[in-house]
Amino acid sequence: MLEYTVRRLAFAGLALLAAAVPGHAEPPAPSAVTPALIDAATKEAKVVWYTSTELRAAERVAKAFEAKYPGITVQVERSGAERNFQRIAQEFGSGLKVADVIDSSDASHFIVWKRQGWLAPYLPEDVAKLWPADQRDPDGMFATWRSTFCPMGYNTKLVKPEDAPKSFADLLDPKWSGKIVKAHPGYSGTILTATFEIVRDIGWPFFEKLAKQRVMQTQSATDPPKKLAAGERAVMSDGSEYVLLTLKDEGNPVEPIYPSEGTPFITGPSGISALAPHPNAARLYQSFLFSLEAQQLIVDAGAMRSLHPQVKERQDRKPLKDIKAMKDDPQAVETQVEAIKKKYTQYFHT
Amino acid sequence: MSLALPRPAEGPRRRIDLSLPLFAGFALFLCGLVILPMFWLAVFAFTDAKGAPTLANFATLFSDPDLLDPLFVTLTISSATGVICCLVAAPMGWLVARTDMPARRTVRALVTASFVTPPFLGAVAWEILAAPNSGILNQVYRDLFDLSGDDVLVDIYTQAGLIFVIACYTFPYVFVLVANALERIPGDLEDASAILGAPTVQTALRITIPLAMPAILAGVLVAFLQAMTLFGSPAILAMPAGFHTLTTKIWMLFQFPPKPGLAAAASVPLLVVTIVLLRAQGWILGRRGYTVVGGKTGTPRRIALGAWKAPALLFCLAVLCAPVFLPYAALAKTAFSQTPYGPLTWSALTLDQVRAAFAYSGTQLALKNTFLLCVMAATLGTVLALVISYLAARQAIWGHRALGFLATAPVAVPGIVLGVALFLAYTRPPLVLYGTLWILLLAYLTLQLPSAYQQLRAAFHGIHPELEEASRILGATRLQALAHVTAPLLRSGLIATWCFIFIGTMRELSAAIMLFSADTKVLSTVIYDLNEGGDLGQIAVLGITMLVITFSVVGLANRLPGLGPLRS
């Protein structure tokens, strides 16, 4: 039994053995940013943000917060969503108080964390007033603070626009063999979600055939656009839209492709850790993430998609409503994680 | 009339001898350090989720091609690495230690530079150089010969590419061991050979090489084992190449949903291979004496290369292109320009990457933690390795054989597995260390112990006990003899060991990646996370910073007054 207890202790979160559901009879009241909150947060002087947002975009948001609230520094802990997930489980399992605010590009993580009781309820005023009901937790544990697509893309120096693939099915053409880069669902929450949506909408045979195209495999969804920009591969079959668009803004020869079958839609919720060592700074930061200011920033400078109704989309971007999106479904993802990863490894051998 | 001889039982002048309890303490600490994580490994490998004993993990391991393939890939890679390292490093070590080749110090410093380079950083640099399409070397090759985009000179995303990169950053182990051993070989044996009429080559073949054999074998062994348990380079190159090594597979097994039992089982073959190799080494060296430093030794003499000076130097410099010149040129270009690719022009130069790297909130913290941990691990590790290798070499306490084995055993445990084992061992009372720097320190000590021990043991084998015995006959305790006679004789070995551990800690990734948290991050984990997102510019900046820190510290360690010239 000793071994069993230890296993449980160490991997409690991952093995999902202790399925304690904390009961919150009613959602918390919406919280505004008050001078008292700012004072308390400033006393704590620091907020630790676990995120899978691409580093430069994450740093921009952090710097904007530091500029707005002098005296509070943001420590950015960036890694792939699945890696963060494992690390958070490890840290919570040992009762380590390090993370304050957590975001993930794999929305299903929040279902797990909520069930584990690892999140603290907090409902920013903006979320209560403005967010669509299906993009926020009824108990006020989390809400979607960023979203993006997981499109295909190509290098405009290596591929002429008319030759570029238009659909997922086009990628199976032998002419793309050895020319495709994609990221891994074992590391990237974005890719896990995208893989789920593609499998649901067009099926596993697509991946089975894609695996035979000598695909270059990277870890994070933020990496394929960079490989594309470097010219290491001509086409990407998945990757973060916001990273690709940012690279394009910087003058790199990359262009997104919104496949005709539909483009996987990725929501990234944010929540506060129940063990936050800086609880007030965490609340202030969570409120900031959903403010019009931060939301406009992630759209303008970060090339992400916002659910804030007052945010203006950039003219040079394909508007959210014009893109045929594959619907996200965190509940379903959560039940199929293991099956997806296993099947994927079987086809791609990595 | 009888001579009043001292009775043997009484022995020399009595003093309070703390050696034994202290030695026992060290031995116990070593046991705890190594056995505790090993115990958890065994528990996980041989039990199922409910704690019942089972062999199911091994059944899966040896039947699932997804796990068998990585095993064979790993053995191929480590064998190839061991052979390549020996072929390249042993001649270089000889040239630097025993000949009058010019620029010997520079070559040594450059080898140190490749040793200092973390294998994952080298892998990133070689990605920049030799990725099939965007790689700088391939671009230059296509431009030079006016070839199409499909022509590739070198492709780093292959098994051969991975072996190459691993060998680049493993050969210094062999080099340092061989060079140090050759420096200790006294000139009188070679002189005797020369006086008896043997030509230089014959002297080398009959005297020098056999005397250096323990070090060469130890070096190859360490290279093989390092390659076998390495995580950094495979983590960067194997996935894009579409295969797994055992370590990257084990890493995958710890990702959600974690299969720690299977991962633990997957590390058992590595342990078995190591034990077999260590036994083989003992068997080969066992019956011969290799004592080369006694109380009456001559100074080693350098061999005049004559016309071979230039080719010898060229050989060394050509070898060093692979681990040092090319990668650091690529990293420097990446650190100071907007993109690693494309032509280098004045207008492309920028400090943006440097600014970004140091503006990143994790960098400062990681720098501080890394430095602290490196110094502590190096100091504690050297003392520990000194005492253990002394006890083993002089057979000073009961169970010295077991100590030697324990000190070498961690070499077979992949850092990742050790990371998880330590995590399991130190997350419960009485030792709750997870989330502190202590758990990282323990991990580093455990991981660095084998090479530190091997190195000091090789040094001990070269020192005849007659000097210590003389000291003890004159009344010194074991501890005093160790401190005043043996340690000074081992001076260069001790400094080298300290630097070994410092560098080894600096470049360690695999255990740290399992054990770090927000406040205990180190440079290697920061770089790994940056790589995951493809932030090459910042990686290059941090990599160069690492090199500078290590070089300053190693340079300092070799010049400190207290550690300086031998006291007479």
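Me: How is the crossing of α9(B) and α10(B) handed, left or right?
Reply: The crossing of α9(B) and α10(B) is right-handed. Keep in mind that this is a predicted model.

Me: At what angle do the axes of α9(B) and α10(B) cross?
Reply: Roughly 145°, and the axes come within 10 Å. Helix α9 of chain B covers residues 187-195.

Me: Which residues make that contact?
Reply: From α9(B), they are B:L189, B:E190, B:S193 and B:A194. From α10(B), they are B:T203, B:R206, B:I207 and B:T208.

Me: How does that contact split by class?
Reply: Three nonpolar, three polar and two charged residues.

Me: OK, now α8(B) and α10(B). What is their packing angle?
Reply: About 160°, with the axes 8 Å apart. Helix α8 of chain B is residues 171-184, and helix α10 of chain B is residues 200-229.

Me: Which residues of α8(B) are in the contact?
Reply: B:F171, B:Y173, B:V174, B:L177, B:V178, B:A181 and B:L182. The α10(B) side includes B:A212, B:I216, B:G219 and B:V222.

Me: How many charged residues in the contact of α8(B) with α10(B)?
Reply: None: 14 residues are nonpolar and three are polar.

Me: Switching to the two chains. How many residues of each are in contact?
Reply: 49 residues of chain A are in contact with 37 of chain B.

Me: Which element of chain A gives the most to the side that touches chain B?
Reply: α1(A), with nine residues. Others that supply at least two residues include α3 (55-68), β2 (73-78) and α13 (330-348) of chain A.

Me: How do the residues on that side of chain A divide by class?
Reply: Into 20 nonpolar, 16 polar and 13 charged.

Me: Now chain A by itself. How many helices and strands?
Reply: Chain A has 13 helices and twelve strands.

Me: What radius of gyration does chain A have?
Reply: 20 Å. A compact globule of 350 residues would be near 20 Å, so chain A agrees. Its C-alpha trace spans about 60 × 55 × 30 Å along the principal axes.

Me: What share of chain A is buried?
Reply: 56% of its 350 residues.

Me: And what share of its contacts with a separation of 6 or more joins residues 24 or more positions apart?
Reply: Such residues account for 81% of those contacts in chain A.

Terms used. Residues are numbered from 1 along each chain as its sequence is written. Chains are lettered from A and ligands numbered from 1 in the order in which they are written. This is a predicted model: local features need pLDDT of at least 70, side-chain atom pairs count only at pLDDT 80 or more; totals for chains, interfaces and linings use all residues. Axes are lines fitted to C-alpha atoms, for helices over the stretch in contact, and angles run from 0 to 180 degrees between N-to-C directions. Helices (H or I, at least four residues) and strands (E, at least two) are DSSP runs, numbered from the N terminus. Two residues are in contact if their C-beta atoms, placed from the backbone, lie within 7 Å. Ala, Val, Leu, Ile, Met, Phe, Trp, Tyr, Cys and Pro count as nonpolar, Asp, Glu, Lys and Arg as charged, and the others, Gly among them, as polar. The radius of gyration is taken over C-alpha atoms; the globule rule is 2.2 Å times the number of residues to the power 0.38. A residue is buried if 20 or more other C-beta atoms lie within 10 Å of its own, exposed if 12 or fewer, and partly exposed in between; C-beta atoms are placed from the backbone. A crossing is left-handed if the near helix is turned anticlockwise from the far one by less than a right angle, and right-handed if clockwise.
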